[in-house]
Structures are given as structure tokens and as C-alpha cells.
Amino acid sequence: MHTGGFATWTRRFEDERERRRVQGDPDWGQGATLHPAVWAGSQRFQVGEDGDGANLIGKADEAGDGDYARAVRLFVAEEQNHARLLARLLAAGHIPTLTGHWSDTVFVRLRRLMGLRLELLVLMIAEVVALRYYRALRDGTDDSLTSDVAGRILSDEQRHVPFHCERLHASMAELPRATRRPVMALWRLLLLAVSLAVAADHGPGLRRLGLGRLRFVAEVVASSGAVVSAVLAPRPDARTGAD
């Protein structure tokens, strides 16, 4: 299958890796102070960002596009850096990391049972939810270190969503035309269900960040329209991130 354009994505990931190297880490020495409910949410998202990505990398290798496989490895490295940044943020607040969380376990098990297309659809649910969470974490606290870390992660996630959209666009094109929109409609229903679960689980922390449960769910679901358009449109180059 032709999935051209991923050499460009590889260069983007490499350019961003160099930019991070030059920029350096946040000033961990300043410490961080957050409400316990916000710390709890950060712990859970740190677990979700952690992992070696071996399953996704293996499926990318099997897809037969070397540029895509290289880009996926760079994507996984960015996710691992997010886990590192969140772990360092937790340490700055003298908060331990978690060894696991039920939500991450469910997502990982679902993804491992599936082929690349379905794995990416499940992964995209986590990415779209993360976009709204990290924006709330960046903007909803007056702790400068937390805002810095959340802003860095958010910037990466804003690139990750269109990256996955481009690969899903090529993959969905293999399906009969009549099935494509129903598949994405089911994806949006699953996104709604996951958003409700996240809102229930993170409700106290979201409120501390100035974002109620219902508003969080509504904004996550509303943002998914751009994802669906990018996956189904002839050219998936519409902006799908959020400032």
C-alpha cells in the first residue's frame, strides 16, 4: 500500500527532537505545587504515556513502508519523553509515580488484540482526550513548572493527531466506501464513552483546572469532528490540534 508523505513526517519529528535538545529541560529545581486531585490526574496520565511502543512499532514494520516505520519510532520516543517529563514533574512535587492504572491496562490490551488500523483508531481516542486534558493542565494552574511541562506535551500532541490521521486516511481508503463513515461514527461513540469515563475519573482535578465534567466531554467530542474530516477527506492535511 502506498502511504507517501511519511518521509516528511520523519523530518518533522527529527527537527523537533533537535529543537528539544537545544531547548533543554524545564527548571525542575523550582518545584511544583498542585491540588492533590490535579496530582492524581497527572499520575494517571503519566502511566498512559509510559511504555516501549513495541507492539505499534512491530505493526508499523509489517505495513511495509520504511518511512512510516521510522516516523512511528520517533513518535514513540516523544511519548516516552512525555512520560519522563511527567515523572520529573511529579518528583518536583514529591509525588510518586503509579505502577499502573486500570484505564491504561484496558487501552493497551485492546490495542494489542488488533491490527494496525484498529490500533491507531484506539490510540487516537487517547490522543484526542489528551489534547483537551493537557490544554486544561497548561492553562488551568498558576504553577509555572506544570504549565511549562503541559505546554511542551500539548505541542507534541498537536502534531501527533494529524500524523495518525494521515496514516488512518490511507488505511481507511482500503475499506469499501460505504463502510468508512459508519466506522468513524462508531469511533466517535467510543470516544464519547471514554470521555465520560475520564470525566468521571478525573472530575475533581478537572474542576480545579476550571473545566467541569460535562464541558470536558462536550469539547472532546466536538474536537473529534476535525479528526473524522481529516481521516475521510481526500487530503488529510487539515489542522486537527487545539491551541
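A nonpolar core is a set of buried Ala, Val, Leu, Ile, Met, Phe, Trp, Tyr and Cys residues joined through side-chain atoms within 4.5 Å, where buried means under 20% relative accessible area, exposed means over 50%, and partly exposed is in between (1.4 Å probe, protein chains only). The largest such core here has 64 residues, and Tyr134, Phe163, Trp187 and Phe216 have the most contacts inside it.

This is a predicted model, in which local features need pLDDT of at least 70 and side-chain atom pairs count only at pLDDT 80 or more, while totals for chains, interfaces and linings use all residues. Residues are numbered from 1 along each chain as its sequence is written, and side-chain values use heavy atoms, with hydrogens and water left out.

**The overall build**
- The protein chain has nine helices and zero strands; helices (H or I, at least four residues) and strands (E, at least two) are DSSP runs, numbered from the N terminus.
- Of the chain's 243 residues, 49% count as buried.
- Take the contacts (heavy atoms within 4.5 Å) between residues at least 6 apart in sequence: 82% of them join residues at least 24 apart.

**The core and helix H6**
- Back to that 64-residue core: H6 gives the most to it, with 14 residues.
- Helix H6 covers residues 116-139, and its end C-alpha atoms are 34 Å apart, which agrees with the 34 Å that its 24 residues should span; the expected span is 1.5 Å times one less than the number of residues.
- H6 is largely enclosed by the rest of the structure, because 18 of its 24 residues are buried.
- Tyr134 touches Phe45, Glu49, Leu86, Ala150, Ile153, Leu154 and Glu157, leaving aside its neighbours within four places in sequence.

**Salt bridges**
- The count comes to 16 salt bridges, each being a side-chain nitrogen of Lys or Arg within 4 Å of a carboxyl oxygen of Asp or Glu.
- Glutamate 78 and arginine 159 pair up at 3.0 Å, N to O. With glutamate 78 in helix H4 and arginine 159 in helix H7, the pair ties together parts that are 81 residues apart in sequence.
- Salt bridges that share partners join Arg20, Glu78, Asp156 and Arg159 into one network.
- Arginine 21 bridges to glutamate 18, with the closest N and O atoms 2.7 Å apart. The two are three residues apart in helix H1, so about one helical turn separates them.
- Arginine 21 is exposed at 58% relative accessibility, whereas glutamate 18 is partly exposed at 38%.

**Surface and loops**
- Leu186, Leu189, Leu192 and Leu196 make a nonpolar surface patch of about 390 Å². Patches are made of residues with over 30% relative accessible area and no salt bridge, with like charges joined within 9 Å and nonpolar side chains (Val, Leu, Ile, Met, Phe, Trp, Tyr) within 5 Å.
- Leucine 186 sits in helix H8 (residues 177-208) and is exposed, at 59% relative accessibility.
- Leucine 175, in the loop between H7 and H8, is buried at 19% relative accessibility.

Technical notes:
Areas by Shrake-Rupley, 256 points an atom, 1.4 Å probe, with all protein chains shown as cover.
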